[in-house]
Amino acid sequence: MGYLKEGEQLKEVSCIDCHVNIKQEGKIDHSKDLIMPTADVCGKCHLQEFAERESERDTLIWPHGQWPDGRPSHALDYKANVETTVWAAMPQREVAEGCTMCHMNQNKCDTCHTRHEFSAAESRKPEACATCHSGVDHNNWEAYSMSKHGKMVAMLGNNWNWDVQLKDAYSKGGQTAPTCAGCHMEYEGEYAHNMVRKIRWANYPFVPGIAENINSEWSEERLDAWVTTCTQCHSERFARSYLDLMDKGTLQGLAKYQDAHEVVEKLYNEGLLAGQKTNRPNPPAPEKPGFMIFTQLFWSQDNNPASMELKVLEMGENDLAKMHVGLAHVNPGGWTYTEGWGPMNRAYVEVQDENFRIREMVALKERVAKLEGKRTSLLDLDSTAEKISLGGLGGGMLLAGTIALAGWRKRKQNEA
């Protein structure tokens, strides 16, 4: 790029090369000339790695626009962050900034290659991914670390040579189990900083169109690429069988979520959620009022959102995502009991119970309203049935009074 003479090698990196310019000469004004290196600064020397990461923008083009082009990816993670309404709407700026702590790879490289170590060996270890790829909506680290793959890394990883290139990790590095980088940076036997070439589910199965696309030619090609990855250690039959289990298990979790979602959305459309007609303020601008919006995961006021609404939102955004991640990373508790299906099943039951109670109360109120109407007197009756009912009520009251009077007279006679 013209910073070095022809054939010249930068033998060692000094502060000035990153914080001002490569081989900068002359006096530097520390109050004006110093910069914090961004990804493009790293790209001056590490051009191939920078280009590979940037290529994620063009690699992940969804066939039916399920996600915007290039998303989700490291190359556009900051753009995805600030484009959400919660980013602009939340008055709690410190909370919103928590998202930025991870959504910064678009602009920087030191999320994985920590400053000033910048060690390739460090960034290849699973722990390097854990800070961001963890938690309630993408618990990749938890699922991986509790899998047999993750446990082998924990138990045996200290004996491996992490300094060899990824392509040589098994043959020369002594590696005996897959790592995050080993699986996600690999594509048909080659390794690169483009991490999205095999994405099929994009972590969030509830996104419209994702499940419908899972058996498309586009998705099947990416599935074949995953089979190539898995057959580094396993047979093709085993790899395809497990990936089929992952897809079907995810679809079953999705169906559970969709059933609960339909129940709560119907209540919302009928205005029956708690406080919806009397105690539901609008969300902060620019978010618009609506059912089950992303903002509600971080912002709440009075009955916005209603508890049922938040519950089903968390089913899709969190529990279903964790179920898929548990399946994808071969963590049995991560999709069966501890996470995934177990919590989703509990939430589903709670949604159905609350729906029954609400519907039962609505029916009771309708009956009371029908009986009460606009009457000003018990004699203001509309139908023969109501008159008969009142007659029966009056007859019963007369009979009860007669019996009580007879009892009173008998007691008086005994006392006399």
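1. Which residues does Arg-197 touch, not counting residues up to four places away in sequence? With contact taken as heavy atoms within 4.5 Å, Arg-197 touches Thr-59, Met-185, Glu-186, Tyr-187, Glu-190, Ala-192 and Arg-222.

2. This is a predicted model, in which local features need pLDDT of at least 70 and side-chain atom pairs count only at pLDDT 80 or more, while totals for chains, interfaces and linings use all residues. Residues are numbered from 1 along each chain as its sequence is written, and side-chain values use heavy atoms, with hydrogens and water left out.

3. Seven aromatic pairs are present, where rings of Phe, Tyr and Trp (its six-membered ring) pair if their centres lie within 6.5 Å. One of them joins Trp-160 and Trp-162 at 5.6 Å centre to centre, with 45 degrees between the planes, and is tilted, because planes under 30 degrees apart count as stacked, over 60 as edge-to-face and the rest as tilted. Trp-160 is buried at 9% relative accessibility, and Trp-162 is buried at 13%.

4. Charges also sit over rings, a term that requires NZ of Lys or CZ of Arg within 6 Å of the ring centre and within 35 degrees of the ring normal. Arg-93 lies over the face of Trp-87 at 4.7 Å from the ring centre, and the charged end of Lys-256 sits over the ring of Tyr-348, 4.1 Å from its centre.

Conventions
Buried means under 20% relative accessible area, exposed over 50%, partly exposed in between (1.4 Å probe, protein chains only).
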